[in-house]
Amino acid sequence: MDAIIQLIHVSKWHDRRAALSDITLEIEKGEFVLLMGSSGAGKSTLLRMLIGEEQPDEGQIFVHGKNVTRLRPTEIPYLRRKVGAVFQDFRLLPKKSVFDNVALPLIVQGVSEKDIRRKVTEALRAVGVDHKNDQSPNSLSTGEQQRVCIARAIVNGPVVLLADEPTGNLDPERTREIIELFKLINARGTTVVVATHDPHVLNQVNRRVITLVQGVLLSERRIGQGIGA
Amino acid sequence: MRRLFYLVREAWTNMRINRTTTIVAVLTTAFTLACVGIFLLVYVNLRHAAGSLQEDVKIMVYLEDRFPSVKVQELEQKLKADRMVGGVLFISKEQALGEFQVQFPGESHLLEGLGENPLPASFVVTLAPNFRSPDAMKSWVERVQTMEGVAKVDYNQEWLSLLAELIGYIELTAIGVGFLLSAAAVTIIGNTIRLALLARREEIEILRSIGATRTFIRIPYFLEGAVLGACGSALSLGILKFAFELFRQQIQLTGRFSGIENMMSFFPLSVCLALVMAGMGLGFAGSVVSILRIGERRA
């Protein structure tokens with residue numbers, strides 16, 4: 001299989017403290033990976049590096065064949081168009097409708113009006129909030145807001161979907177729904193990486209789990225398949 | 001198309017949301033540019049007036065009393081052949097006396113007592129348009145003064161030099177004040193854009209995270225700066241036009257300086273458009289300065 005994400009001896013320091021220490025790992029195309037660890041373990045730092053928001057102090061990172069550590073600032077937006085991102089705080093624009101929020105990545109890329117309408121409708125339908133497309137995000141429940149955030153992340157068909165604590169603001173029932181949604185997106189071929197400290201998520205995913213502790217890769221295993229590291 | 005619509009709508013939304021800041025920015029820019037405009041208007045009108053006066057300047061070449069008429073004709077031919085000369089008119093002693101009597105009918109008895117006509121014959125010379133500057137006139141006069149039969153050459157040299165000097169000072173002041181106040185306009189608009197950027201930094205972060213390029217993020221702010229500058233400039237022209245008409249009306253009412261109101265003119269439409277474009281440019285520069293100051297990461 002092809003590695004779609006590759007980290008080679010990656011280290012990063014924040015104020016002389018190692019946020020990530022000598023991380024080497026590969027994520028294959030089409031995989032569903034859980035990145036586990038408590039707060040401060042380095043999960044968010046790792047995800048931010050994958051979309052070029054932060055650069056490692058040592059090592060190299062490859063995403064979809066591109067060396068992220070060597071990208072020029074002008075190339076980073078084009079990397080982000082291939083990597084969808086879902087955030088714990090949703091990061092939706094309150095003054096725009098659900099439809100406009102989801103359409104934003106397509107507008108940015110200069111997609112035609114007709115294609116925007118079709119793709120946004122499809123994405124909203126996929127996450128189950130297509131009946132709320134005219135509403136303001138603030139009028140939605142937290143679960144629905146997270147679905148809109150996911151719709152925005154998948155609307156332009158990214159090769160990788162990164163989610164940073166996507167269930168942090170959700171109750172167990174909504175958490176289950178969101179994880180099921182990620183599984184569905186993964187089943188359609190998108191590589192999914194979910195960073196979380198929520199044990200409820202672990203119970204629902206029989207996939208590869210990477211555990212970070214204080215910036216160190218502690219273990220790598222496949223739940224339900226008996227593979228340990 | 002939707003992208004263009006989005007960018008324009010974003011700029012409009014920025015201005016609408018920060019309505020008070022936008023209005024204050026447009027008003028302060030308008031008053032600042034109006035101050036520049038006053039100097040510009042005075043400068044343009046004075047230059048225009050100076051141009052008209054210089055066109056009217058006649059140089060009087062007075063001849064020696066006993067200069068033979070054959071030689072007078074030779075001198076006339078010589079003057080007419082001069083490339084610096086636009087026109088030559090000969091005024092004989094008799095014509096000079098006649099004109100004096102017409103212009104000063106009460107004083108004509110003064111000359112009668114002298115017996116012989118004391119007024120000299122002269123040439124009234126108008127220089128060609130390219131040689132009407134004070135320096136060109138001076139050099140021409142110096143040359144003619146040495147010619148045979150010329151008693152004296154007279155023109156309003158001091159007055160013209162003074163006017164040229166005054167225009168020079170106003171030009172310098174207009175440039176200085178224009179530069180300072182334009183910088184002030186850039187700062188005012190720049191600060192407005194800075195406030196808008198700070199107010200929308202979360203939105204900018206979201207745009208960055210979904211793959212918006214730096215240019216895409218910046219365009220609405222550039223547009224906003226340009227629109228603020230253009231509106232400020234257009235409003236300043238409105239203020240100036242109002243003040244100009246009021247001033248002209250006052251002159252007409254008082255009756256002083258009669259005729260001057262016809263010489264005064266406002267900026268032609270092409271200059272007005274150029275000033276609006278200049279305002280737009282200043283606004284754009286304000287946004288650029290502000291975006292560069294706020295840093296690479298945020299916008």
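Begin by selecting chains A and B together and looking at where they meet: the contact takes 15 residues from chain A and 12 residues from chain B, where two residues are in contact if their C-beta atoms, placed from the backbone, lie within 7 Å. This is a predicted model, in which local features need pLDDT of at least 70 and side-chain atom pairs count only at pLDDT 80 or more, while totals for chains, interfaces and linings use all residues. Residues are numbered from 1 along each chain as its sequence is written, and chains are lettered from A and ligands numbered from 1 in the order in which they are written.

On the side of chain A that touches chain B, select α2 (76-80), α3 (98-109) and α4, each of which supplies at least two residues; helices (H or I, at least four residues) and strands (E, at least two) are DSSP runs, numbered from the N terminus. The largest share of that side, four residues, comes from α3(A).

Axes are lines fitted to C-alpha atoms, for helices over the stretch in contact, and angles run from 0 to 180 degrees between N-to-C directions. To see the contact itself, show A123(A), L124(A), A126(A) and V127(A) of α4(A) with R147(A), I150(A), A151(A) and I154(A) of α5(A).

Now turn to the open sheet of six strands in chain A, which has mixed pairing and the order β6-β7-β8-β3-β9-β10; two strands pair if DSSP finds at least two bridges between them. Its edge strands, β6 (83-87) and β10 (216-222) of chain A, each pair on one side only, and the twist averages 15° from one strand to the next. Within the sheet, select β3 (residues 32-36) and β9 (residues 208-213) of chain A, which pair in the parallel sense over four bridges, with M36(A) standing opposite T211(A) in β9(A).

Finally, colour chain A by pLDDT, the predictor's confidence in each residue, from 0 to 100: the mean is 89, and 96% of the residues of chain A reach 70 or more. Over residues 225-229 of chain A, however, the pLDDT is below 50.
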